[in-house]
Amino acid sequence: MSVVTNTTTIGAIEAPSRRNTELALLAFAVVIPVFAYLNVGLAIDGKVPAGMAGYGLGLALLAGVAHLVVRKWAPYADPLLLPLATLLNGMGLVLIWRLDQSPRLIATSMRLYDSFSPDAPSQMMYSAIGIAMFVGVLLLLKDHRVLQRYTYISMVVSLVLLLLPLVPGLGTDSFGAKIWIRVGGFSIQPGEFAKLVLAVFFSGYLMVKRDALALASRRFMGLYLPRGRDLGPILTIWAVSLLILVFENDLGTSLLFFGMFVIMLYVATERTSWIVMGLLMAAGGAVAVSSFASHVQSRVAAWLDPFECLKTAPAGSNMAYACDQMTEVLMSFGSGGILGTGLGQGNSDLIGFAANSDFIFATVGEELGLAGVMVFLLLYGLIVERGVRTALAARDPFGKLLAMGLSGAFALQIFVVAGGVMGLIPLTGMTMPFLAYGGSSVIANWALIGILIRISDTARRPAPSPAPSPDAEMTQVVRP
Amino acid sequence: MNKPLRRVAIFCGLLILALLLRDNWVQFVRADELNSHPDNTRVRIERYANARGNIIVDGKPITGSLDSKDEYYKYKRTYTDGPMWAPVTGYASQAYDANQIEKIEDGILTGNDDRLFFDRTLAMFTGEKKKGGDVVTTLNGAAQKAAFEGLGNNTGAVVAIEPSTGKILAMASTPSYDPSSFAGYSGKDEKAWVALEKNKNKPKLNRAIREIYPPGSVFKVVTAAAALESGKVTDINAATDTPEPYNLPLTRVPMKNHASGCENASLNLALQVSCNSVFAKLGDEVGLAKMTEIAEKFGFNAEQFTPVRSAASVYDKDMERSENALSSIGQFNTATTPLQMAMVTAAIANDGKLMKPYMIDQLRAPNLDVVKQNEPEEMSRPVSQKNAQLLQQMMENVVTKGTGRNADLHMDGVKVGGKTGTAQHGEKNAKRPYAWFISYAKTAQGSPVAVAVIVEDSEGTDREDISGGGLAAPIAKDVMKAVLKSRG
């Protein structure tokens, strides 16, 4: 940027772009996973892993491309988001590769499917697609406000995405949850993408309706109750999340969408009554569903006292399975202790087939210990913090709502997954963003980071210089 | 919109904080509880991750470790002469945990014990694989073999102790089991385990220390000791004032004698032919308090830790006079482990000093450094030296002239003392009686071995022929002979 040349007293204050900070942080974000990779290789085979150079170069290349794109097309973007996502993605790859080496998981796979294919290479490919997605978002979306135009299209798209798994022949039922669709040879989890599209819809819708929702209300028992017709959307969302829960057995996604909507509603209207109502409706829905969905009941039983439930649950039942998984996860965390067993030296693979997806955080807990888990939680916390900061800094309400919706959803997802895995709340079967194995998740989360970076770039971009004012002629100063 | 935004930001912060707190709770506060949870497979994985140390008898291992190439438990336990040594080693199974020495000394055997920390650290630097330490036992292979083969197909148990130290020399229990048969976790192992669990002869029960039996006449040795200690009898050859028939105190129930000539018999003769009336009356005269005191000094009413825990033998502290009289001849609810009777014999053979029985001599690090050496330890002095020698005189009399002739070793310079017992039990004594024999051998240097033998419900023997002298004494003799031979 050129130096301010005009002579008005109020000049555009140029915010530092911080691109070099980002580059330096990215270097750490690449080097740390590479060392972790080396660590796993040394722990398991006692020698430097063969793919080390390839892995390091691949990760550095992806990070470098992402950085260059940001430097060129979003120069004022937040410098932390990209390195944080890269570090988490890189560590996720290392953890998945580490679980690929588990003789137990290999043997189980051989027994069940008569074949074993490592997941790390495909996760590497998904990461590349994810970063391509990130680049695509930055290239195509020059201004996030464009998304406002697609408010109602977003609604339709998100509903379609959410309901796709219910279409016969397309949706596949794996491990009790109907959240997958199969296209060609690929499984896609449409819910992950629906998260983004729904956030766009909510932002657009609430930006238009916020005044109606906030002001046209009656006061009742200390609460501002909205009018019936304004209550429509919230009831619809509540019903949709219940439908997802009931028909797709997906507790996590429904919780996430509902929570995201309530947060955005509150931010848009500044009315606490929405939160109270949201909580009441969530509680009502939870009670209603848990009273007849055995799937949810076993999760709750596994949460309350997994060890006890393991003894009382009938052998081979869904409940026994849920409880067994929960005890394994807890013992995995327990055996990590404060500093962990060290990468590659734990037994988190005892959890079974979902060790690298839903329960990958248990591997962090066991092999990196309390210290490692806290670092990961803080990394996620930082992403959320940068997202919220972007929302605060954004100048347009749409951008504010979108950034808040996305980072709120991200925070909720972290809480629901990590809380579920650590036994704080019932397990919901979602995956840790960037860390867990799964294409949809990685790609959608890279897109999420892309959108946040785009909003933050707009937010931090210096205001355009005011046009030179003809009044501001040079004042002649008489020097002695 | 910034105010609610800040609030939501705080809410998100609280979510992360809740996760951090929860993580500290799970990984710091509850870590130990979760790590030692019985359902935690890691304990077993760790137990079998490296070649386990061995249990050693006479300098040779009686256990081994086999690399099973399994993805869960790498090494599998093997046992040489499993059934013979099972009452000593216990088992270490990948599926069914471990017991006895395998469990108690798990830390040393796996190499995880804190005392091996230096060893482990050193191995880490030299790049050696982690190894487990060894447990060196006090057992005598020849004595164990004699005991196990002597019991043969009968149900029973043998315990042999070195009286001067308390070292356990043999501990056999039959029917036994082979711990190798379920050391793994395959279907075959499960089948073997279930079969053992269902077997009504309870092969997994360690009868030598975990089962309590009515002692019958062998308990008369304890009553004799109490009579001498309390001063009720000072001259073992003096006639006692015992009527024939003798009615139990405060009852009209006559005490039956299988032996003849018990009227006014001396203590010496009464032990030699095993008179019930004389001992019942002596027990009554000594009284419940003194009887209990002496029995407890011998180790009754307490669990023994060898370090494998034994069941507590019973001499009831709260009995009627008639019940005390019955208990004095080893009936009523008096019950004892074979280990307990071996301790009684050992205390007498050791001139009244009871040494604490133990079977682990030393714990060794993988590099053969001794981590812990157990030293003999005095447990109590149930009888004075003088009285102990009187008891020896009477017990030797039993072997030379009385019911215990089958145990006589006929070796020069070796004196053998013993006592037989035929313990009736069951409703109205209807079950087949137990054959007991306790004995010791003594040379000029002191007593090298004391043995207690019990043979339960021996099948194929006529009921009349079941007697301590006939069935149990030859086993005791073989064990004593084995010990004497191995001493040169």
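Biologist: What makes Asp78(A) and Arg386(A) count as buried or exposed in this predicted model?

Modeller: Buried means under 20% relative accessible area. Both Asp78(A) and Arg386(A) are buried.

Biologist: What makes the contact of Asp78(A) with Arg386(A) a salt bridge?

Modeller: The cut-off is 4 Å from a side-chain nitrogen of Lys or Arg to a carboxyl oxygen of Asp or Glu. The N to O distance for Asp78(A) and Arg386(A) is 2.8 Å, so the pair meets the rule.

Biologist: Why say that this pair ties parts together?

Modeller: Asp78(A) sits in the loop between helix H2 (52–73) and helix H3 (81–100) of chain A, while Arg386(A) sits in helix H14 of chain A. The two are 308 residues apart in sequence, so the pair ties those parts together.

Biologist: Why is Glu102(B) called buried?

Modeller: Its relative accessibility is 0%. The limit is under 20%, so Glu102(B) qualifies.

Biologist: Which salt bridges does Glu102(B) make with Arg52(B) and Arg77(B), and at what N to O distances?

Modeller: The Arg52(B) bridge has N and O 2.9 Å apart. For Arg77(B), the closest N and O atoms are also 2.9 Å apart. The cut-off is 4 Å, so both pairs count.

Biologist: How do you know whether those arginines, Arg52(B) and Arg77(B), are buried or exposed?

Modeller: Arg52(B) has a relative accessible area of 5%. Arg77(B) stands at 1%. Buried means under 20%, so both are buried.

Biologist: Where do Glu102(B) and Arg77(B) lie, and why does the pair tie parts together?

Modeller: Glu102(B) is in helix H5 of chain B and Arg77(B) in strand S4 (residues 75–79) of chain B. They are 25 residues apart in sequence, so the pair ties these parts together.

Biologist: What makes this a network, and which residues are in it?

Modeller: The salt bridges share partners. They join Arg47(B), Arg52(B), Arg77(B), Asp97(B), Glu102(B), Lys103(B) and Asp106(B) into one network.

Biologist: Why is Asp284(B) called buried?

Modeller: Asp284(B) has 15% relative accessibility. That is under 20%, so the residue counts as buried. Asp284(B) belongs to helix H13 (residues 276–286) of chain B.

Biologist: What makes its meeting with Arg321(B) a polar contact?

Modeller: The side chains of Asp284(B) and Arg321(B) approach to 2.8 Å. The limit for N or O atoms is 3.5 Å, so the pair passes.

Biologist: Why is Glu375(B) called exposed?

Modeller: Exposed means over 50%. Glu375(B) has a relative accessible area of 55%, so Glu375(B) is exposed. Glu375(B) lies in the loop between strand S14 (370–373) and strand S15 (378–380) of chain B.

Biologist: What makes S14(B) an edge strand?

Modeller: S14(B) pairs on one side only, as does strand S2 (60–61) of chain B. The open sheet runs S2-S1-S7-S13-S14 in chain B, with mixed pairing.

Biologist: How do you know that strand S13 (residues 360–364) of chain B pairs with S14(B)?

Modeller: Pairing needs at least two bridges. Here 3 bridges join S13(B) to S14(B), so they pair, and they run antiparallel.

Biologist: How many salt bridges cross the interface of chain A and chain B?

Modeller: The rule finds 1. Arg42(B) meets Glu366(A), with the closest N and O atoms 2.9 Å apart. The cut-off is 4 Å, so the pair counts.

Key:
Residues numbered from 1 in each chain as written. Chains lettered and ligands numbered in written order. Predicted model: local features only at pLDDT ≥ 70, side-chain atom pairs only at ≥ 80, totals over all residues. Heavy atoms only, no water. Helix = DSSP H or I, 4+ residues; strand = E, 2+ residues; numbered from the N terminus. Buried < 20%, exposed > 50% of the residue type's maximum accessible area, 1.4 Å probe, protein only. Polar contact = N/O pair within 3.5 Å; in protein donor to acceptor, adjacent residues only side chain to side chain.
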